[in-house]
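I opened my notebook beside the structure and wrote down what I looked up, entry by entry. Have the view open and follow along.

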Amino acid sequence: MLLLLLSLSLLLPLAVLLWRPRSWDARQSWLVRLQHRVAWGALRWAAAWQQKRLAQSTLHAGQSQQQALRRCLHGAQGPRCTLRGSTDISTFRNHLPLTKASQAQEEESGGQPLPPTSNRHHGEASLQATLLGLAALNKAYPEVLAPGGTARVTASSPWPYRLPWPWHALGQVSPTGAKDPRVLLLEALRSPGLRALEAGTAAELLDVFLDLEAHGEELAEAIAAGNPGAPLPRRAAELREALEQGTRGLALRLWPKLQVVVTLDAGGQAEAVAALGALWCQGLTFFSPAYAASGGVLGLSLWPEQPHGLYLLPPGAPFIELLPLKEGTREEATPTVLLAEAQKGKEYELVLTNHVSLTRCRLGDVVQVVGVYNQCPVVKFICRLGQTLSVRGEDTGEDVFSEALGRAVGQWPGAKLLDHGWVESRILDSSEGSAPHYEVFVALKGLRNLSEENRDKLDHCLQETSTRYKYLRFRGSMGPAQVHLVGQGAFRELRAALAACPSAPFPPEMPRVLRHRPLAQCLQRRVVS
C-alpha cells in the first residue's frame, strides 16, 4: 500500500512536469523538491508506525520480551533446539549458562569479542533505530533534513540501516554512492549552508578534520578549480581563512549554520567525541541514532536535545538480559534480570542471545540505568569489562586507566588527547631486564614531544587512581608505565588492521587494550617521541 501511494504521488506531479515546458535546470530543481517531499512523507508514516510499535512494546515490556524469546527459540538450531517449545525464562536460564567470547574468537578478531547475533534481528533493530532517529533529529532540528542540509564525510554512514530510495536522499548533498573520503569532503566544503555533518564514527570524523588541516591548501585549490563551468574561488578563500584561524571552532567557521554532528556510538569513541567537541566541533551538538556493540544495535536514541549518550533498551529482538554487578566492583552479583526489572542507578552488563545457536553471551559492555521509558530502562554506557590489563594480578580496567590518563594529559601544557591504546610489556618483549609494566601509546593535539617529566605524570596518576597499582609499584613488582607519542594516522592504521580481520565485528569497536603483537606493532612503528 505504501509503495502504491508513493507511486501515485510521484506519477501525477511527474505527468504535470512533462506536460508543461520547463528548462532543464528548473526540471531538476523541481524533481529534487518532489523527491524530498515524497521521502519526507514516507519517513513520517514509517516512523509513526515504528513509534507506535515501540510504545506498545515498552508499555508491556515483560510480554514483549517473552515474544522476543519465543522468536529466538523458534529459530534455534543444533542440539539445543529442544527448547523451542518453551518460553519459560527460568528454564531458558537453567539450560543455557552464560558464556564469554572464546580466546579463539579474540584471536580471529584482533582481541575483540564476537558475540553472536542474527542478521534478521539486526535488520529489524537497525531499521527501527534509523527511522526513529531520523524523526527525532528532524523534530529537534527541523532544517537538517531539508534539501542540501546534510553532508556525509566518511565512506560509512552513522545510520545503522541503509534506507532505499527515496529516503537515502533526505537532505544529503553527498554524491550518491560516493565512497572516496576526499570526494565526500570536497562536496561538503562546497556547501556552506550545511545544518548537519555525518560520519560513520567520531574517530573517523576526527581523521577527516586532521586530514583537512594537513591538506587544506590542496583542498582549497580543488575547490577553486570547481566543477567544469562552476569555479568557486570565493569558497576556496573562505576555507583558507577558516584554517588560518586555527583548530578551535573550525566547523562553525566553515559552515556557519551547522547545528548537529551525527555519528554512530560504538565502543571506544568517547575520546574522539571529547576531542571534537573541545576543538573542531566546539559549540555543536553530537547525536548518535543508536548504541551499537559487536552484537549489533542494542539501544535507541530518541532525544537529540538531551546529553550525548542516553539510550533506550527496547524489549524486542535481539533478546537482551541484564547481569547485575556488585556495587563498587565489576563482578556479577545475581542471575540476570529482564528489562522491566532493571533498577535506576544500578550497573549491569549486557547479555545477548543468538537465536541460531542459543548462546547467551556476556558482551562485556557495562551500562548504568539513568531513567525509564514506560517499562524499559534508559541507560548510559560506563565501560567495557574486557578492556583490562593485568601484569601482576592488578586488573586495571578501561575506566580506571582512562581517568588516570585524563588527569595526566591535563597536566601536559597545551595537549589534547585524541586517542590511546595500551599493552602489557610482555606482548612487545619490552620488559627484559626490568619489571613488567604497561606500554602506553597516545595521539595528541598541541604537543609534539613528551618530556620525561610529562611521561612520569601518568605513572603518578595511576598510583593515585588505583591503590592496587600503587602497592605493586611500591613493592617493585611493577615498573612505571612507559608512554609513547605516535604520529598522525597511527590509530587509523590500527583501525584498518582491525577491519581487515576476517571476523571483524560491525559496527567497529576501538579496543584500548591490545593483546596481540601485530596490532601493538602498528602503533609501535609510528612512535615519534
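This is a predicted model: local features need pLDDT of at least 70, side-chain atom pairs count only at pLDDT 80 or more; totals for chains, interfaces and linings use all residues.

**Entry: an open sheet**

In what order do the 4 strands of the open sheet stand, and is the pairing parallel or antiparallel? I found the order β2-β3-β4-β5, with parallel pairing. I then looked up the edges: β2 (150-152) and β5 (285-287) each have a single partner strand, so one side of each is left without a neighbour in the sheet. On average, neighbouring strands here are turned by 20° against each other, direction ignored.

I followed one pairing by residue. Strand β4 (residues 260-262) is joined to β5 by 3 bridges, and the two run parallel. Val 261 has Phe 286 of β5 as its bridge partner.

**Entry: strands β6 and β7**

Next I went to strand β6 (residues 290-293), where both faces are covered. Ala 290 and Ala 292 lie on one side, Tyr 291 and Ala 293 on the other, and all are buried. I counted 4 bridges from β6 to strand β7 (residues 296-300), and this pair runs antiparallel. Tyr 291 turns up again here, with Gly 299 in β7 as its bridge partner.

**Entry: helix α3**

How many residues does helix α3 have, and how far does the helix reach? I noted 14 residues (61-74) and 20 Å from the first C-alpha to the last, close to the 20 Å expected at 1.5 Å a residue. The buried residues of α3 are Ala 61, Ser 64, Gln 65, Ala 68, Leu 69, Cys 72 and Leu 73. A reminder to myself: an α-helix has 3.6 residues a turn, so residues three or four places apart point the same way.

**Entry: salt bridges**

Glu 321 and Arg 93 meet through their side chains at 3.5 Å, N to O. Glu 321 lies in strand β9 (residues 320-324) and Arg 93 in helix α4 (residues 89-95), so this pair ties together parts 228 residues apart in sequence. Is Glu 321 buried or exposed? Glu 321 has 1% relative accessibility and therefore counts as buried, while Arg 93, at 22%, counts as partly exposed.

Asp 211 and Arg 492 form another salt bridge, with the closest N and O atoms 3.0 Å apart. Because Asp 211 sits in helix α8 (residues 202-214) and Arg 492 in helix α16 (residues 490-499), the pair ties together parts that are 281 residues apart in sequence. Both count as partly exposed: Asp 211 at 24% relative accessibility and Arg 492 at 32%.

For Glu 349 and Arg 362, I noted 2.7 Å, N to O. Glu 349 is in strand β10 (residues 347-353) and Arg 362 in strand β11 (residues 360-373), 13 residues apart. Glu 349 is buried, with a relative accessible area of 2%, and Arg 362 is buried as well, at 12%.

**Entry: the whole chain**

I ended with the totals. The protein chain has 17 helices and 17 strands, and buried residues make up 52% of its 529 residues. Among contacts between residues at least 6 apart in sequence, 69% join residues at least 24 apart. The accessible surface comes to about 23800 Å², and 54% of that belongs to carbon and sulfur atoms.

Definitions and conventions
Residues are numbered from 1 along each chain as its sequence is written. Side-chain values use heavy atoms; hydrogens and water are left out. Two strands pair if DSSP finds at least two bridges between them. Axes are lines fitted to C-alpha atoms, for helices over the stretch in contact, and angles run from 0 to 180 degrees between N-to-C directions. The expected span of a helix is 1.5 Å times one less than its number of residues. Buried means under 20% relative accessible area, exposed over 50%, partly exposed in between (1.4 Å probe, protein chains only). Contact means heavy atoms within 4.5 Å. Accessible areas come from the Shrake-Rupley method with a 1.4 Å probe; for residues, only the protein chains shown count as cover. A salt bridge is a side-chain nitrogen of Lys or Arg within 4 Å of a carboxyl oxygen of Asp or Glu.
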